[in-house]
Structures are given as structure tokens and as C-alpha cells.
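Please walk through this protein with the model open beside you.

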Amino acid sequence: MLRADSRGAAVQKPGPDNPDVTLITPTSPMATPTHGGRAKCLQRLVRLNLPVPRTIALSFDTVHQLAGGYLPDVSDILSNFEDRALLCVRPSSEVPDWGGPGAVLNIGMNTENHTALCARIGSPAATDIYLRFIQNYAVNVARLDAGIFDEIDGTGADALKAALSVYEDEAEEPFPQDPAIQLAQILRSMARAWEGTSARLLRQAKGAPVDAGLGLVVQQMALGLGSGECGSGVLQLVNSETGLPQITGRYLSQSQGREALDGGTASIFLEKDPRGPSLEDLAPEAFAALKEHAALVRTRLREEMQIEFTIEDGALHILDGVRVERSARAALRIVVRLAEDGIISKQDAVMRIEPRALSELLHRQVAANSPRDVLGHGIGASPGAATGKVVFTSEAAQAMSARGEPCVLVRRETSPEDIRGMHAAAAVLTERGGMTSHAAVIGRGLGLPCVVGAANMRFQINRRALTATDGRVVKEGDEITVDGSSGQVLAGSVEMIEATLDETFRTFMSWADAERDIGVRANADTPADAKTALHFRAQGIGLVRTEHMFFETERMTPMREMIFARDPKDRQAALDLILPMQRADFLELFTIMQGQPVCIRLFDPPLHEFLPATRAGQRELAEALGLPISDVTRRVESLSEYNPMLGMRGVRLGITVPEIYDMQARAIFEATVDAAAEGVTIVPEIMVPLVSAKREVELVRARVEAVAAAVRAETGEAFGYKLGVMVETPRACLRSGDIAEHSHFLSFGTNDLTQMTYGLSRDDAGRFMSEYVRQGVFAEDPFHMLDTEGVGELLRLAVVRGRAARPNVVLSICGEHAADADSIAFCREAGFDYVSCSPFRVPVARLAAAQLALTDKMQYQSA
């Protein structure tokens, strides 16, 4: 039944068919999904017999109806509290990060209560409370302009009288004196604020569902004001930055003459401290009880909590408990300590850390409180942050590195020719590209901060200048900071937090490894990559991109000689110069990995990438080779292609210029023999790229087998190897049954497979992908998150057909999707044996895989 309140609004009386308005007791029917996290936490504190002031909780349904114009019986709510008690209302969302309207304090303050409080706590404090409540109510409930109070000076009785007069003039009615009216209007205002468009969009950006509910809690206030020791504060038992045990927080002592109501920062120490008075000195019994309560809350709520409290005439009141804010480093230490103390299980600890949060531990990061002077932004393609002087060529980056000066390599887009410059740089910034562009992939492999697709900045490479979004010009040699985690480009240097990989990290990751049921390898192109992979406990190397080994200066010349050779004999002579270098590369990888599997992809890129594109570069090459520049120009033109990524590369090059693959196979097998002589037994995995037909595999396999037989005969040593295919084309997926008959393994390169399935250029899609995602064309960038519907359908077909033809064929993904939790979930469900990702993403993949396995286990146990 509805009745009208004193302002004509419809009021809904609580009843069996109406939403909940619940007094929080140990046995109240209450849950986080119906009343929010704050309400449920307060109930848990009540169950622990802590001194929590009397509190009422309004459910999500109630608050939703409040926004629609209905009200619960406010008089009934007020009857649960002491006469003339002041109240506060706070939001209670299901997830604290989703936010909510700000708390409203001192509800019930009116002229009558002001007079009573003046007698109890003194006129200045009572008047200040009343004045603040009037201003808060006027702005947040009556929706008056905050500027109407600007002309009021002071905080005394005259200021209070002026504020009441200003409110009456602007609102055209007196300030409400009835606590029921005050509370009713505040509840309605907070409910409507939650369901407003701006608030809804803001919480959706934080991951909240469209229909996320809000609860409200109405609590009797313990003011922390009086004649004895009084004050307010917060306390926690752990340091938020380090995660180490430490009593920390703040306490504002009103009775010590420090104004606790003015929002100032003056506070006293919690524990005894020679620098000044402490809560332990002023209220030793309350402090001891507070520490005891905090320890109890940590144990029983199974979490590090920050306790909000007041002390009124020496009596302690616990107002709230919230999860301690923490850095990624602190979060890891907290869950490990909770598990080691027996408060939570190791499995629970593993489930409490977001996999992507590990990236903050593996790389330097911009400090959270550091000011950011943003020049522009792009896609944060490789996490971490670095500061350096701007350079625009790989040669300049190498020169800076030789002088020991950090630099940021700025390019329109990087190519394999920039590898040495990227190794020398502290960070990379490009105008073009997306999550799977060359700069992004190599950056993640090197652990190099990288921002790509910064098209909102103007890149003037020839003029050695970069123009920010606000018109500022950055010249070569100027210092900038690249934040690959946020995608921001910052002016100058900023405060950094160093990477931290300690025993706590290793302990935590060992717990994760005990749970996961899918292998995790690393993509590694260099010995440094392999060492990083081993450091992060990768279970082998799932992809070695051998083409990156050819861009070293001493290898580039014979490679170019091979390209200009007129017959197979001359090509072989040039490749013979590279053979010992390749053999040394593979031997070092095998030695580092100590017998763990190493999967080597044979040469993949088109040959034109090894030739200079500029006239000056072609002239230098002509001089080096002793050829007329016209011969060089004609050869460059003959190798040019309209779409080189779909041209003569990968297996197509291996079949038409077979000497390259012959040389690489020999280098692999000779390195295998040399490794065995050094006590490292390995069965190398040789991967053929860009296969589309069974016959391609047959042709390459025949030549590889011939090289293996030759090396066995020459060395007198026996060795084994595996030959497989990198599945990157839709046709290879559809014909995987044919291909698997001749392959030990199928490794899916989801970067190119996504590109070909969508018909998208992965280097150019970044220009419009954000708009596509915003308008719902794609749920997410398919180069960032595996498309389990389209690309996934091809993968499922390939798995079924490949395993039907060869039941023991090993299946893996070696694209950049491999560290994404959703992609790993797909791989587990589809029956893949392992995933392979950039070395610095290996811990992320290990944790994601463990959490997926634990989730499945928990669902099975509850079924």
C-alpha cells in the first residue's frame, strides 16, 4: 500500500512483496549481489562483535525503486536509531571499483540538534558540522550552485545564519528541519545519481554490467568529538606499496587541538614515534583494541583490510572496513603471506591476482603519483615505461647506446632492418601499427616499452621532428617518456617504479604451475630472449624467427650477395659464409635451453626486405658488391611485389630458392651434434612457414631429410628431429588433415591467420580499429584478442581434421594471442598442447592457464 510523505512523494511501506530495508545484524538475510560489498562487510564486522554503530541496509531493488520515485518508510528507518542521532548514508556497490555517489554525513542536523550539540561538544564544532551539512545538502540534493555560498565568510554563528538564509532564497523554501525529509531526499538523490547516464557510462568503463545495482547503508554516526580523547582515522596492517607488514594509516585528534573537520592533513602517528604524539600514547587501550580488531578482521575476512574508526571520549567505534588499496607488487606479497599464514589456500592465492597485473612486476612503470605531461597517445603494445632522447633512425639509436645514453627510437613503422636499433633503444614509438605489428611483436619479445599507432601525433621523420597533439614540437635529442602500459607519450622524464622479481614472485608462480594443465613456451629469437624465457620458467621455445639473425651487419652482405647470385652455385657460396654463424646461433640456443624443446621456424620474409629502398642505399650496395647501380636497381625492382606479405615468402621462397632452407637445416643439425658433444641432448623442431598445401611440405621434407642424412654421414652421429608446419593460412586449416600426415606438429600463427581470415592488414588496422570496437562492429581488436568465432572456427576444424589424420600430432598457438586468458581458455577447450608467447608474457600465460584450470576444477566439484 502506498501513502504520501510530507512533500507529496509516494512512499512504499516495507512488506513481504516489497524491497528490503534491513537492520544489519549477524543473522540478517544479506548478500553482496543483493545489498553490495559494503553492507555485507559491515555484517561480517558485526558478526565479529566489533563496536559497529547501528546500521540499516537498503537492497539493490529498493534503491532502483527510489530512483523511480518511490520511498521506503523513512520514519520506520529512523526508529532504528537513537533520538536526535546524526546519520550518514554511503553507497554499497557489488564491486568497490564500480564506485557510486559520495557519502553524505551528518543527516538529521537541524537547529534543535545544533543547540544540543553546542552544549555537548562546543559551539564551534557543532556550528561547523551544521554549516557543512547545509552546503553539502544544497549542492548534492537540492542541486543548487555551489557558488552561492562563496560570499559567506567565517564559520561561526553569523556564517550559519547566512547559509540558512542563502539556502532559503535559492531553494525558495526553508532548509528542511525534519530528519525524515532530509533522509528521504538524500536517499532518492543518491539513487538517481547512480542511474544517471554519466555514472552508468563511467562504471561500464570499469567493467560493470549495464544493470549493475547499488545498495545504500544508513549508519548512526560516531562523531569522534567530545571532552575526552576524540578523533577519527584509518588503520591497516600492511604497507600498500610494498605489501610488507606495517601498521600504517592516519589519525586526526580533535582533542589535541588539531582540527579534524577542516579536511586538513595534520595528523598524529599511530604508533609511538619520537617525532610527535601518537594514538598509542593518547589512547593506549583504544589503540590496542584497534590492532586486535584489525588482526581479527584479517583472519576472519581472509583479506588485508583498512579499518575506518572514530574514538569518542576514549571509546572506539568501527565504522567500516575496506580492502586495502595496493600496488601490483604489494598485491602479490599480500596473497602469498595470507597463504603462508594459513588464512587462505594456495589455490585461492593464485586466483586473487589478475594475470595482466604481473606485467607491472616484470617492467619498470611510471609511478602512480607522478605528474604526466601528455604529448600524445597510441596503442600500448608492449608494457613498461622508459625515458630517453628522441632519435629517428636505427643508426642514431646504436650511436646513442654506444655512448651510454638511453634513447627512444621513433619511426613511422619498424621493419626487420630496425632490429639493431630496437635492441639499442630504451623504448620505441611508431606512427602506424597495431598489437601485432612488427614493433609490437619485437618490443614484447625484448621487454621493450612500445607505443604504436600514435597517429594523433605528427611524425616528420625527414625533419627529425615530432609534433604533439597540442602543437608542441619535439626535436631529435629532446627527452620523452614512453609508457607502453597506458599508451601515453610523456614530455621529459618521470618518476619510475623498478621491476621486482623476488622470492615471493617465484613462490607464487610455483603454486600456479602446480595447477595449470597446458604447456607454456616462449617465442625467442636471440640468446638474450632464450635466457629471459628460461628465467621466466618457459617450457621450451615455441618459435625462433630465424630471419632476425640475418640482419646483423656481418650477415647482411653475404645475404645480399646470395640475392644477386646468378645461379645456385653462387647462391650456395654466399650462404656458406652464413652457415657457421647460423650454426653458432642454434648451438647457443640449445645450450641455454639445456635440452628443452626448441622450435625453429625456417626463413620467412620476402627477399626485398634485405635490399635498400633508397637511392643512396642502393648506391652503397652497388659499391659494396662491385656492380653498376643499374644492376642493383633492376634487381630491387624485380623483387618488388604489390603485396609482399602474400607474395614469395615462407615456404614459397624455400621451394623456389631451396638453398636457403638447405643451409638452415644443415646449421640446425650440425648444432644438434655439437650440443650433444657438450652434453646437451636435444631433438630440434623445424617449422615450415606459410604452408597452404600438402605438396609444399613433401618437397621441403624431402630436402631436409637429405640434409639430415648427409650430416649423419659426415659426423657419424645419430640424432633425431621433428618437422612441422606453421599454420597461418585459412587453406592450411581446412586441409590440416592432409598436412598433418607429413608433420609431427602444427603450430598456429594466429597473427597472420587473423589477418588473412579478416582480410585486414595488421599494420594498418589500428587506424580504424578503435572506432570499430566503439561502434560494436568487433567486440575487441581481433589482433589483440583471439576471435574465437571466426578464426576460432578455423582452428577447431584444423584440430579435428589434423588429429583424425595423425592422433599424436602436437598442436600449439605461437601468435601474440597466446598470453591472453580468453585465448588460452579456447586452446584448452580445443585440445591444444601448449601456447607460445613473448618471453615477458610467459608468467602472464602461466598464471592465466592456472586460473582456468582451477576454475574448471571448482565448477566440477560444485556440480
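Helices (H or I, at least four residues) and strands (E, at least two) are DSSP runs, numbered from the N terminus. This is a predicted model: local features need pLDDT of at least 70, side-chain atom pairs count only at pLDDT 80 or more, and totals for chains, interfaces and linings use all residues. Residues are numbered from 1 along each chain as its sequence is written, and side-chain values use heavy atoms, with hydrogens and water left out.

Start at strand β8, residues 231-238, which holds Gln-236. Buried means under 20% relative accessible area, exposed means over 50%, and partly exposed lies in between (1.4 Å probe, protein chains only). Gln-236 counts as buried because its relative accessibility is 5%. Its side chain makes a polar contact with the side chain of Gln-306 at 3.0 Å. Such a contact is a pair of N or O atoms within 3.5 Å; within protein, one must be able to donate a hydrogen and the other to accept it, and residues adjacent in sequence count only if both atoms are side-chain atoms. The Gln-236 side chain also reaches the backbone oxygen of Val-238, at 2.8 Å.

Now look at the backbone. Most residues other than glycine have a negative phi. Arg-84 has a positive phi of about 60°. Arg-84 sits in the loop between α4 (74-78) and β5 (87-93). With 53% relative accessibility, Arg-84 counts as exposed. Arg-464 also has a positive phi, of about 55°. Its loop runs between β19 (458-460) and β20 (465-467). At 33% relative accessibility, Arg-464 is partly exposed.

Move on to the paired strands. Two strands pair if DSSP finds at least two bridges between them. Strand β30 (residues 745-748) pairs with β31 (residues 810-813) in the parallel sense, over four bridges. Leu-746 has Leu-811 as its bridge partner in β31. β31 also runs parallel to β32 (residues 834-837), joined by two bridges. There, Ile-813 stands opposite Val-835.

Phe-768, Tyr-772 and Val-777 make a nonpolar patch of about 250 Å². Like charges are joined within 9 Å, and nonpolar side chains (Val, Leu, Ile, Met, Phe, Trp, Tyr) within 5 Å. Accessible areas come from the Shrake-Rupley method with a 1.4 Å probe; for residues, only the protein chains shown count as cover. Tyr-772 belongs to helix α30 (residues 766-774). Tyr-772 counts as partly exposed, at 34% relative accessibility.

How values were computed: Patches are made of residues with over 30% relative accessible area and no salt bridge: like charges are joined within 9 Å, nonpolar side chains (Val, Leu, Ile, Met, Phe, Trp, Tyr) within 5 Å. A salt bridge is a side-chain nitrogen of Lys or Arg within 4 Å of a carboxyl oxygen of Asp or Glu.
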